[in-house]
Amino acid sequence: MAATAAMAGRLWWKHGVIYQIYPRSFMDSNGDGIGDLDGIRQRLDHLSFLGVDGIWISPCFPSPMKDFGYDVSDYCDIDPMFGDLASFDRLLAEAHARDIKVILDWVPNHTSDQHAWFLESRRSVKDPKRDWYVWRDPKLDGSPPNNWQAIFGGSAWEWDTETGQYYLHSFLTEQPDLNWRNPDVEAAMHDVLHFWLKRGVDGFRIDVIHKIAKDPELRDNPLHENGLPGYLGQIHVNDEDHPDVHGMLRSIRRVFDRYPERMTVGEVALSHPDPAVTASYLGKGDELDLAFNFSFMLGPWTAADYRREIDQFLGLIPAGCWPDWVLSNHDFARHASRHDHPELGEKRARVAAALMLTLRGTPFLYYGEEIGMRDGVIPEDRMQDPLAWTIHPKLSRDPERTPMQWAGGAGAGFSDGEPWLPIADGHDQRNVETQRWDPGSMLHLYRDLIALRRATPALEGGSFDWVDSDTDVLAWKRRAPGSRALVALNLGEAPASARLPEARVTGGLHTAHGSPLPARSGTVELQPCEGLVLVVED
Ligand code: NOJ
Ligand code: CA
């Protein structure tokens, strides 16, 4: 009954769970050491077993791979390294047959410098595509037009000797920024969305959406009082989060509104993070469907920090809009590594899973977190991420991008060849094959949590209210018509308790596998880094 009630009015991206796949690292089907679309298709069984509602595939379009796909040279095709349009269609059809939605990654701020548009644009100042990118004359002394910095290091302006002008690039020099103030660019980028939406794609993750509109006069940014060099040393009033971005987003939204149940989730990765600005990208329900909330990625492992971030973000979500939660992605150290601890690391990762999957809002899982994957240790001579040399090896994002650990042995079940990045240590123990047969494993915890969430309307879409508890405990109640759930998570290193409302317990789970559930809720005692999710009588 409850499950049927949950299905009625269920919106996959709102009530479901979305799983990010970094395609280079998920599954290699042809032994070249790089993951591909056929590989993802071969592993759909795993995603069905886990129970996720949708996958987001990081860019798989033709690309010179200077920034591993975030430098797109053709938005309407698949890079041969990953397959072709036919392999994409097969993946989409087989995912849909299993009720798994597929979202792609749209990179509107910049293309690759090898994109046909840019090759034309750089031919001459008179070229019809010149204005598709941001070209400017040098200052009188020959220096760049303003003080803007590239996020990946150095000036945001690259000199073009042939045509005697600078072009703007917010990231690598090989990633020139599109000029979104040119209506032809806007129309061409909308056409890209139509191309994939017509093909049946269920939505898009949108890369650095806060960057697409900039000050039309290209004025200098003021310097930040932190005195830092480079990008972080400026206040980005002129090259980030320009007010005109909202009109552009409303037009993007109108494209999606022509296709039922398609969604957008946007990355608002501000240089000086501010959840209020992130939430403003939801507009009045007429801009993004979801705006990535990265606040968990930046804080320490304390209940007080999580409580503050949760309160703040829930409080900022405009009426009729929906929150979301992210613990890990392809740009940050994995949370199991960030919060690792000699005795409690594994237990913390289990509590984190319970937190992500029982909060009000859409959880974004990052491939491998369901088996508790840690970051790999990458020797400098195997580093791939351009940040390792444009800024510093410490900033390399390779550690969180290591191959998925399907099994023990040389290629970890990921590849028969030499993987593009080394497999992380410990994969002989920590892998899908081993965990699949162990009901106490991280994999089963994720699977059980996802199943519980799906069967419990209160967890999928219900209200959220805090419950009083000890300082190190996060406790909340969720409620939907005919459905009630209580959650208590001890993030601390000592036993602690939560005073949950009294009710008969009808289901739920304990993050410590094998620990019994109480017959009734009320005051519950929790060991260090343990959590309880209780479904109770309404
Ligand atoms: C954000 C993406 O998540 C990151 O991986 C990429 O390098 C930049 N945007 C540039 O596209
Ligand atoms: Ca391959």
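This is a predicted model: local features need pLDDT of at least 70, side-chain atom pairs count only at pLDDT 80 or more; totals for chains, interfaces and linings use all residues.
The domain assignment divides the chain into domain 1, made of residues 2-104 and 274-449, and domain 2, made of residues 463-536. Taken over C-alpha atoms, the centres of the two domains lie 27 Å apart. Where they meet, 24 residues of domain 1 are in contact with 24 residues of domain 2. Between them the domains bury about 2000 Å², and 68% of this area is on carbon and sulfur atoms. On the side of domain 1, the residues that lose the most area to domain 2 are Arg 307, Val 351 and Thr 358, which together account for 26% of what that side buries.

Polar and charged groups also take part in the interface. Nine residue pairs are in polar contact across the boundary of domain 1 and domain 2, with both residues at pLDDT 80 or more. Two salt bridges are found across this interface. A salt bridge also joins Glu 493 to Arg 348, with 3.6 Å between the closest N and O atoms.

Helices H11 (303-316), H13 (345-358) and H16 (442-455) each give two or more residues to the side that touches domain 2. Helix H13 provides the largest share, with seven residues. By residue class, the domain 1 side that touches domain 2 comprises 13 nonpolar, four polar and seven charged residues.

Technical notes. Residues are numbered from 1 along each chain as its sequence is written. Chains are lettered from A and ligands numbered from 1 in the order in which they are written. Side-chain values use heavy atoms; hydrogens and water are left out. Domain bounds come from an automatic or database domain assignment. Contact means heavy atoms within 4.5 Å. Buried area is the accessible area (1.4 Å probe) that two parts lose on being put together, summed over both. A salt bridge is a side-chain nitrogen of Lys or Arg within 4 Å of a carboxyl oxygen of Asp or Glu. A polar contact is a pair of N or O atoms within 3.5 Å; within protein, one must be able to donate a hydrogen and the other to accept it, and residues adjacent in sequence count only if both atoms are side-chain atoms. Helices (H or I, at least four residues) and strands (E, at least two) are DSSP runs, numbered from the N terminus. Ala, Val, Leu, Ile, Met, Phe, Trp, Tyr, Cys and Pro count as nonpolar, Asp, Glu, Lys and Arg as charged, and the others, Gly among them, as polar.
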